[in-house]
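Colleague: Please take a close look at one residue and its surroundings. Keep it brisk.

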Amino acid sequence: EITVLRPYKALHMVNVSDCTVRINPPVLGAVHITSCHRVSLHMKSHQLRLHDSTNLSCYASVSSGPILEDCNNILFYCDPNDKENQVRDAKDFNWLKNGVHSPNYSVVQLESVSMTHSNGGNVSHQHVPTRNLKITTSMGSDTENNDRIDHSNVASESEEEDDEDEL
């Protein structure tokens, strides 16, 4: 499990697999997810952008519709009482047919949560070591500090700078 506990203006996750990611407090801007697979994501932000990702379970609350590109088997879980959540207004850039829902994602009301993806794949997420997790963020404070969180099974070739965090 990966937990992000600092406030950020934006957050970018790359190459995260087989884990649960919890982001709290809410991200003020966008959360970008790229090349992530079999991840359970718990977060709140202004915007959620998903690229080249599969088998995601997104317990997300967003103030603008999520954007998907080159993704499949994405599940958005939402609270039917959360009228501000725009997760129901997701846009799939690979599915531009008007009036026909994209087969690449589903929105599931929390009362009817199933523990399998639509293709029958199990969505229970056990702790599995992740490889090449990179989260690039901008701090949500008065200063424009940048953090880079890099977690991998490969030793770093250089020392991290003082203003960077490492998982």
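The part in question is tryptophan 95.

Colleague: Where is tryptophan 95 found, and which residues does it touch?

Modeller: First, the ground rules. This is a predicted model: local features need pLDDT of at least 70, side-chain atom pairs count only at pLDDT 80 or more, and totals for chains, interfaces and linings use all residues. Residues are numbered from 1 along each chain as its sequence is written, and side-chain values use heavy atoms, leaving out hydrogens and water.

Now the location. Tryptophan 95 sits in the loop between β9 (91-92) and β10 (105-109). Strands here are DSSP runs of E, at least two residues, numbered from the N terminus.

The relative accessible area of tryptophan 95 is 24%.

Then the neighbours. Leaving aside residues up to four places away in sequence, tryptophan 95 touches Val100, His101, Ser102 and Pro103. Contact here means heavy atoms within 4.5 Å.

The one of valine 100 is reached by the tryptophan 95 side chain at 2.8 Å. The one of histidine 101 lies 3.4 Å from a polar atom of that side chain. A polar contact is a pair of N or O atoms within 3.5 Å; within protein, one must be able to donate a hydrogen and the other to accept it, and residues adjacent in sequence count only if both atoms are side-chain atoms.

Last, a distance across the chain. Aspartate 70 is 25 residues from tryptophan 95 in sequence, and their C-alpha atoms are separated by 9.7 Å.

Terms used. Helices (H or I, at least four residues) and strands (E, at least two) are DSSP runs, numbered from the N terminus. Buried means under 20% relative accessible area, exposed over 50%, partly exposed in between (1.4 Å probe, protein chains only).
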